[in-house]
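Please keep the sequence and the structure open while reading.

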Amino acid sequence: MARLSRGGRSGGRAGNARRSGPAIKQMDWGIPLNSDMPTTPLPPEGVEAMHDGAMRILEEIGIEFLNEEAALILKKAGCTLNDTNVRMDREFVMEKVALAPSQFKITPRNPDKEIIIGGGHMVFGNVSSPPNCSDLDRGRRPGDRAAFQDFLKFTQYFNCIHFAAGYPVEPLDIHASVRHLDCLYDKLTLTDKVTHGYCLGSERIEDAMEMVRIAAGLSDEEFAQSPRMYTNINSSSPLKHDWPMLDGLMRMTRRGQPTIVTPFTLAGAMAPITMAGAVMQSVAEALAAIVLVQCIRPGTPTVIGSFTSNVDMKTGAPAFGTPDYVRATQMAGQMARFYDLPLRSANANAANCPDSQSAWESMNSLWAAVTSGTNVVYHAAGWLEGGLCASYEKFIMDCETLQQMIAYMKPVPCSPDDLAFDAIKEVGPDGHFFGVQHTQDRYEKAFYNPFISDWSNFENWEDGGSVQTPQRANKIWKKILEEYEAPTIDEAIKEELADFVARRKSEGGAPTDF
Amino acid sequence: MPDNEDTIILEDLNDGDLVEQMHDDIYDGLVDEIEQGTKILLNRGWDANNVLTEVLVEGMRVVGVDFRDGILFVPEVLLSANAMKGGMGLLRPILAQSDNIASTGKYVIGTVKGDIHDIGKNLVGMMLEGAGFEVVDLGINNSVEDYLHAIDKHQPHILGMSALLTTTMPYMKVVIEELDKRGILKQLHVMVGGAPLNQEFADAINSDAYGRDAAVSVELAKALVGKTQGRVLEAM
Ligand code: B12
């Protein structure tokens, strides 16, 4: 038996930090790099055919730009404008799309949390925009600010969540006219990660940009110099871009801030029932808006989004994480590489509670992201019910799978040390590997350690109360909320933010009819 | 199967068999056959109202049940509803001349201002038509004025509003309050729907019913129209 070699005494049981310690032992912050070859369901001719079809949509059918200013910008740039219908030819499209960078960085108020979008990098953001939230203790309920803040704390806590996406749940207890102000304030104080602003009216996106600028202590010029936040817009499929989304896109672009353009082509409802057709339509819709960005401020970063899934043809309800969804995402990845644009997809499912269905549909969505070469994963943690509910337990469960994906993406070393010929020789046919020096040197970090999987045997699991995954997640999120520490922020900046919110509230925020 | 074995001459069927065949043809979404069958029954002296209720509405009732139970696909129901509409097209002018009600009821439906989600609303509209309602679809992005104008023009039994955004849901209340102010709520039922809504919200904004899906919405709509007709009878 091999000799144990310890680095001396470490205080015995009482000195073992593993016994108490934080809610979970999580991975360090870092931007994962996905170096796998992507999966390519389309042959090269397929990519060409889809590109040709997308160009024909833009040339022969056109896209409706329901925003006069946007339509006129495109007309001035040489597009054909007919009422709201904009047509553009393929040379023009390709020339403009080529101006968008294939990789860029976004720097939040804490520069250590800068993220890279594009290349082989992959970043994850929290679930966005569900009107409801749920947890095992309180059940499903309409979202409120307290829950909104809880989810922001999870977002900040987990190193595998790289950016604070849309509202993790809608705080319905805040009036819609001023909701964005309180939400942005919470996002910018409870987290220090890259944040998002909604394109749901000029005031909302302008306020979001101002607040991000204030939080980072930047002048107008400094803010406009490089990406500091981002927005994400959906097209109104089929073939339309709506007013508020285009308005927000133009405002963000003028200040150098990136837009993710994500058509939401539900095959069978808003797009052809064939996945290739639905992806092709999605590509055309996305490129049309990306062209607009490049006409306004050439070189401004843009991301092509993919959210093509099937609907339940018996009810019309959207389905996610299905085999069709996986294929659609992979095809979108092929097209994103064809246009040399970063790709966004999502971690979605249609389950009503954090059960097995939620887990396998989410896992399919995540594998779709990895195998498609996705760069930005939206809704990466917390999503249930096709986006209608944010679940506390699912957030924790998803962070487990995100960590697993990050572990999976780590390079697999294959040096002589890793091949371990000497260790194999040392142990021989009759020994075991627990005690050899090769194991002793590596055991703590050799494998990914899940924080929520239970690997005990049946009897032990039963003695422990037969606790299932959601219950384990429930315990963890409570501990995380206890442990959460707000990121530091300069008091003067915090005050300036609060003043801004107060002023904008007194001015009425974003006017509504109610 | 060779064609001749499958061919059914509708003219040759007696009334009972013809009605049964038409129920099947509605289920199979055969618009030409339904139009032909409707003409035959009318020629045989059937009352238009009976054709409507016993043949078309009854046929669609079965379709509705199988849709609710997840047996039929949306495109199939769409064809059934189209077949039903084909028959309705022939009946409506006749019904309009008599004292009969020309449909199960009149329904104005639309998505509220600021909101462009319409998949669910379209499905509800389709199923309502299938159930014999005369549906006026106002599309998306409707202001109070749009609804008022449509109510004035079409005099519906029910107004249906759809919203899928938490920022547009409150607008439903604005519409209902305006209808109330103008005394319109006395003759008009208001139904609301859309994924983020729930019964509590529907109650809080003083609507008459919340439709969680298309099948339930049709049942609720029928019940509401039943109430109106009850009210009218009581008044007489
Ligand atoms: C498809 C979809 C879209 C499509 C809509 C296309 C279209 N033509 O309708 C597109 C991509 C355009 C879109 C855009 C946006 N969307 Co959207 N969208 C959805 C999604 C995924 C599905 C909705 C749907 O069609 N469901 C299928 C149908 C069959 O179900 P349904 O609508 O619930 O309808 C049924 C019942 O509710 C009922 N019903 C519906 N209406 C009525 C009316 C009456 C009278 C009755 C009786 C019954 C009834 O019967 C229907 C049939 O069974 C939902 C999430 C979800 N799972 O619901 C998000 C969702 C509603 N969208 C959301 C958001 C945020 C947006 C955007 C703001 C995104 C953006 N940043 O650009 C924009 C807003 C655009 C706008 N101005 O309205 C959020 C809204 C929540 C919130 N926070 O307010 C959701 C919940 C998703 C999310 N988590 O982000 N969206």
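In strand E3 of chain B, B:Leu159 is the bridge partner of B:Val108. The model is predicted, so local features are given only at pLDDT of at least 70 and side-chain atom pairs only at pLDDT 80 or more, while totals for chains, interfaces and linings use all residues. Residues are numbered from 1 along each chain as its sequence is written, chains are lettered from A and ligands numbered from 1 in the order in which they are written, and side-chain values use heavy atoms, with hydrogens and water left out.

## Strands and helices of chain B

Helices (H or I, at least four residues) and strands (E, at least two) are DSSP runs numbered from the N terminus, and two strands are said to pair if DSSP finds at least two bridges between them. On that basis E1(B) and E3(B) pair in the parallel sense over five bridges. E3(B) also pairs in the parallel sense, again over five bridges, with strand E4 (residues 189-193) of chain B, where B:Val190 is the bridge partner of B:Leu159. Strand E3(B), helix H8 (residues 169-181) and strand E4(B) make a right-handed β-α-β unit; right-handed here means that, with the strands pointing away from the viewer, the path from the first strand over the helix to the second runs clockwise.

How many residues of strand E3 (residues 158-162) of chain B are buried? Five of its five residues are, where buried means under 20% relative accessible area, exposed over 50%, and partly exposed in between (1.4 Å probe, protein chains only). In a regular strand the side chains alternate between the two faces of the sheet. In E3(B), B:Ile158, B:Gly160 and B:Ser162 point one way, B:Leu159 and B:Met161 point the other way, and all are buried.

B:Ala150 lies in helix H7 (residues 144-154) of chain B and is buried, with a relative accessible area of 4%.

## The cobalt site and the helix after it

Which protein residue gives a donor to the cobalt atom of the ligand? The single donor from the protein is B:His117, through NE2, 2.3 Å away; donors are N, O and S atoms within 2.8 Å of the metal (3.2 Å for Na, K and Ca), and water is not among the atoms, so sites may look incomplete. B:His117 is placed in the loop between strand E1 (105-111) and helix H6 (119-130) of chain B. Nine of the 12 residues of H6(B) are buried, so this helix is largely enclosed by the rest of the structure; among the buried ones are B:Leu123, B:Val124 and B:Met127. Just after H6(B), B:Gly132 takes a positive phi of about 95°.

## The contact between the chains

Chain B has 19 residues in contact with 18 residues of chain A. The area buried between the two chains is about 1,600 Å², of which carbon and sulfur atoms give 69%; buried area is the accessible area (1.4 Å probe) that two parts lose on being put together, summed over both. In chain B, B:Ile119, B:Thr166 and B:Thr167 lose the most area to chain A, together 32% of what that side buries.

## A sheet in chain A, and backbone exceptions

In chain A, four strands form an open sheet of mixed pairing in the order E8-E7-E20-E19. Strand E8 (139-142) and strand E19 (383-384) stand at the edges with a single partner strand each, so one side of each is left without a neighbour in the sheet. Strand E7 (residues 132-135) runs antiparallel to E8(A) and is joined to it by four bridges, with A:Cys133 opposite A:Arg141.

Most residues other than glycine have a negative phi, and most peptide bonds are trans. The table lists residues that depart from this pattern in the two chains.

| Residue | Backbone value |
|---|---|
| A:Pro238 | cis peptide bond from A:Ser237, omega near 0° |
| A:Leu239 | positive phi of about 65° |
| B:Asn206 | positive phi of about 70° |

A:Pro238 is found in the loop between strand E11 (231-233) and strand E12 (240-241) of chain A, and A:Leu239 lies in the loop between E11 and E12. B:Asn206, in the loop between helix H9 (199-204) and strand E5 (209-211) of chain B, counts as partly exposed at 48% relative accessibility.

Technical notes
Contact = heavy atoms within 4.5 Å.
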